[in-house]
Amino acid sequence: MAFVGIDLGGTQLRVAVADDRGRIGTVVREPTEAARGRDHVIRRIVAAVASALEENRTPARRVGALGIGLPGPVDPAAGLVISPANLPGFRNVPLNRILTRATGIPSFLHHDAHIAALGEHRRGAARGVSELIYVTVSTGIGAGMLLRGELYAGAHGIGGEVGHIVVQRNGPRCRCGNYGCVEAIASGTGIANAARTAAAEDVNSLLHGVAEPTAADVVKAARAGDELARQILETAGVYLGIALGTLVNLFNPEVIVLGGSVIKAGQLLLRPMRQSMNESSWAASRKGLRIVRPALGGDAGLIGAVEFARLRARHARQA
């Protein structure tokens, strides 16, 4: 029996075919072309699945399940894509049913952060851990959770929206509409926005005069000794630590897998984050806690999608 895993983002679509042990063979990569709308993207998914199976010389009838991870919000139990911001037109789309009919393969969707968490749990840095939180700090901030070794996403699949924990009352506005979410402060977008505002008034900063500074620009300036850039990263680290401390108190995890492009800032961000997390959580809740980097890197979502397909196929056999 084979399995198909799909990692669907606003920019890139990846499809993998794996064997019954989860070993990936063929991988097909295509641009998502999300701006062309829902129907076009779905046709691209179906075509990429067919192409991957043909290249892998695997007939669809031999595929036990198809797992797909994509940006939330989604409702995994209902098989619905609710309204992801970077996939225009995907509003209350029954993607499980559509893909099952189009491919002939039982199809199952989940939030991409939870899928990545499953990948790290089954194949990566958190192998064998039963209480796990996966946090990615990039353009936004997302998270996936496993409790007692099982994916946990709440009643309707929305659980784990760590980026929207409010950590600063009356702070900067978040894309969700609230103010002071940790994503609005500590994500790559939040760091870039803080730099753009502050650098305009600080003529001594290396960032002054940079029209559209990025988080990478802030990190580069901080490493060159720029005080404003260092302050921006320290602030981001402090508020990220508050959010992580909240998770530690709520879930008492064994491991936090912490990844994403912003984490490449290193100790400029991580040192204040750890201090703030410790100050924001009980020592008893942190006992034995390990914070580790992802082992699967950018493949966590794709590998996780394969593992999700294997998991759902196993549950179907046991039912």
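This is a predicted model: local features need pLDDT of at least 70, side-chain atom pairs count only at pLDDT 80 or more; totals for chains, interfaces and linings use all residues.
Residues are numbered from 1 along each chain as its sequence is written, and side-chain values use heavy atoms, without hydrogens or water. Local features need pLDDT of at least 70 and side-chain atom pairs count only at pLDDT 80 or more, whereas totals for chains, interfaces and linings use all residues.

**View 1. The largest pocket holds about 1400 Å³ of space.** A pocket is an open set of points on a 1 Å grid over the protein atoms alone, where a 1.4 Å probe fits and protein lies on both sides within 12 Å along at least five of seven lines; lining residues have an atom within 4 Å of a point. Among the 49 lining residues, Asn86, Asp112, Thr136, Ser138 and Gly140 are the closest to the centre of the pocket.

**View 2. Helix H5 (188-199) passes helix H7 (residues 227-251) in a right-handed crossing.** Helices are DSSP runs of H or I with at least four residues, and strands are runs of E with at least two. The axes of H5 and H7, which come within 10 Å, cross at roughly 140°, on a scale of angles from 0 to 180 degrees between N-to-C directions. Contact, meaning heavy atoms within 4.5 Å, involves residues including Ile191 and Ala195 of H5 and Leu228 and Ile232 of H7.

**View 3. Five strands form an open, mixed sheet in the order S3-S2-S1-S4-S7.** Two strands pair if DSSP finds at least two bridges between them, and the edge strands S3 (24-31) and S7 (107-111) each pair on one side only. S1 and S2 pair in the antiparallel sense over six bridges, and the bridge partner of aspartate 7 is arginine 14 in S2.

Key:
Grid points are joined across faces, edges and corners, and a volume is the space filled by probe spheres set on the points. A crossing is left-handed if the near helix is turned anticlockwise from the far one by less than a right angle, and right-handed if clockwise.
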